[in-house]
Every structure is written in C-alpha cells, then in structure tokens.
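Dear colleague,

Please find below the structure that I am handing over to you, followed by a short account of what was found in it.

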Amino acid sequence: MVELVNEIRLDIFGDHVSIISTVRRVRPKEFRKPQHFVCPFCAGNEEMTPPATLVLVERDGSEEWLRDSDSERVKGWTVRVVPNKFPALTTSPPKPTSPSYTEAYGYHEVVIETPSHIGDVHELSNEQFSKALKAAFRRIGEMMSDPRIDTVIMIKNRGPQAGASILHAHSQIFALPVAPKRIEREVRVFESSSECPLCRYLARELGEGRRLVYRGKHFAAVAYEAPRIGFETWIVPIKHSRDPLSLSSEELRELALVLRAISYAIVRGRGFENFNWWFHIAPKSAREFHWHVEVAPVSSTWGGLEKGGDSFIVEYSPEEAASELRKWVGEFIDSEAR
Ligand SMILES: [Zn+2]
Ligand SMILES: [Zn+2]
Ligand SMILES: [Zn+2]
C-alpha cells in the first residue's frame, strides 16, 4: 500500500514548488511491460478512464461538445479530455499533512488526441491534431474560469525518457492555484518591460534568419539562441497575444502543422526518440504576457552543473540546429501540401 500524500510544498528559497503525489507511483507503464498492456486511451476502452470532462463528437460534419456521465461514456468520439486517473493535482485533495503545506488543488487532465493507437502527432492528420488542440484550449478556458485557478500549463511527453508512460498520442493539462516560478519569472520580465521582450526577440530572429526554423503567416519557430539543451526550439505566434484560447480555425490549423513538423523533424529527422514541449500561456494574474511553446528534445543528459548551477553546456549550436531542423520541417510541410 502506498501512503497517499498529495500536497504542494514550497522550496525554502522560494525557487520552486514540489507537488508530492504518491499515487503517481502505481500508474501503468506501457514501456515497461508492453505485452500485458491494454491501452486506456484507445476507442472502445473508455471505461478504463475516469468520465471525460470534454468530448468532441462529429456528426454530419458538425461538432458536438459533450461530457461523460458517471454511468455512461460517450462513444464514437474524435477527441476526449479525461481527468488523470493518477492525478498530481485534484479538486478534492486530502488535507495537508502539515499546516505549512498547501493542498494540491487543481486539475490534471489528459487530452487524448486520437481514438486510434498512434504515437506521434506527425502521424495524425492535420485536421485531427487541429481538433485535439481546439478541444484542449476549450477545456483550458473552462479550467481558467475556476476562481481558484491561476495558471494552466499544457505539456507533451514523448518517449519514456521524456516522462511518458503511454505511447498513444496525448497531452497533459495542469491547472494550478499559483504560477510556477519559471512562468512567474517570465511574467515579471513581460510586466517590467516597456516593449514586449518576445516581440522584440522574434523581430530580431525574423530579420536575421540564421536560427529561423519556420516562418508562416501566423507562427514562427526558432532554435532558441540561449538553449538549455541541444535543439531547443520555440514556437511563437507572430501577433502579440496572451494565450491561444481564441485562435481562429486558420491559426489552429497552422499551429497544428508547425507542431507536427517539429515533432517529425526531431523524431524522424534528427532521431531523438524523446522530447517534451510545454505551452507557456498567461496566468490570470499576469498583466502582460506573450504565449509560446518551448520544445526540448532529450538530446543529452544533464549533469551537476546544469542541475545545481542553472548553467547549461550545450553541444549543438542553435545555428547548426536550425539549419538541420529547417530542412526536415520544409520536407514535412512539402509532403503535407502534396
Ligand atoms: Zn491506444
Ligand atoms: Zn509580444
Ligand atoms: Zn517560456
């Protein structure tokens, strides 16, 4: 029996929070024992997850947004969003074990990006992945309307070394009562600058071009100039905006395309089997923000300097990474257009 502890504890220097969640230990791991694994995300296995909080169903070309009930699961879906069965955050957390800890209130949900057992978003149709993003943003909007929630982070873990336990394409949404320190630091810079630092950075990268991986109508992707790990790439909306919650369908399709192209470039092109991406979107409390996606392949293992000194030795220059990624991203986008 695992002792159930689920609370948020703050570092004594105020540098980070720890979300202690012992229930996470017992979750199934597809990569460890694949022969006994039944995928809870595949169509037909809806009973294996908690009731969905949002289900996209398409009938006769029109979209219906539904929810599961406790007794019945919606079938024939395109995208499902379900509470994590082994949540790190919950709207009914147990009492903290000490008055100095905060209950781990929040949402921890999974966006199941396809009903089929497909592992990579670059193997989904652009249509399908656009709908997965649309459902995710719709659900994020609902979480944001909870007065106790301040910040939402959506992340993707691809591959076991990036923290994934299930292959089937999915993202995770974490909604927290407080802004994580990384995001808080970004907010502070946005709020204290007279001109948006990300707009300024992007204008420079678009002008110079050496680290540019993709430039479209609404989005650009750059190999970040000061990476923490080789091939770190940022996807940035060209128009200054706080969050992606009200993207047009044209913008959604382009975002889906560039994310899929980056996934293809990293996994198929460069051969990095593991990567993470995360969406940094404005916390409710932030006065200024410019949302973006940071993509980090597991291209090396962090040593003590990286973990203890917040200084990162990176073996690939962003200029070199950009020229490689640009080639595969171009190849992917050309093949999509055909
Ligand atoms: Zn599956
Ligand atoms: Zn901006
Ligand atoms: Zn960021």
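On the outward side of helix α6, the residues E319, D334 and S335 are exposed. Please bear in mind that this is a predicted model.

The buried residues of α6 are P318, A321, A322, L325, V329 and F332. Viewed down the helix axis, these buried residues fall within an arc of 100 degrees, so they line one face of α6. An α-helix has 3.6 residues a turn, so residues three or four places apart point the same way. The cover over the buried residues of α6 includes the strands β10 (212-215), β11 (219-223) and β12 (233-237), as well as helix α4 (249-269). The length of α6 also agrees with expectation: at 1.5 Å a residue, its 20 residues (318-337) should span 28 Å, and its end C-alpha atoms are 27 Å apart.

Turning to the strands, an open sheet of 3 strands is ordered β2-β1-β6, with antiparallel pairing. Because β2 (17-21) and β6 (102-103) stand at the edges with a single partner strand each, one side of each has no neighbour in the sheet. Strand β1 (residues 6-10) is joined to β6 by 2 bridges, and I8 stands opposite T102 in β6.

As for the protein as a whole, its secondary structure comprises 6 helices and 14 strands. The radius of gyration is 20 Å, close to the 20 Å that the globule rule gives for 338 residues, so the protein is as compact as a globular protein of that length. Buried residues account for 38% of the 338 residues. Of the contacts between residues at least 6 apart in sequence, 66% join residues at least 24 apart.

Yours sincerely

Definitions and conventions:
Residues numbered from 1 in each chain as written. Chains lettered and ligands numbered in written order. Predicted model: local features only at pLDDT ≥ 70, side-chain atom pairs only at ≥ 80, totals over all residues. Helix = DSSP H or I, 4+ residues; strand = E, 2+ residues; numbered from the N terminus. Expected span 1.5 Å × (residues − 1). Buried ≥ 20, exposed ≤ 12 C-beta atoms within 10 Å, placed from the backbone. Arc of directions from axis to C-beta. Contact = placed C-beta atoms within 7 Å. Pairing = 2+ DSSP bridges. Rg over C-alpha atoms; globule rule 2.2 N^0.38 Å.
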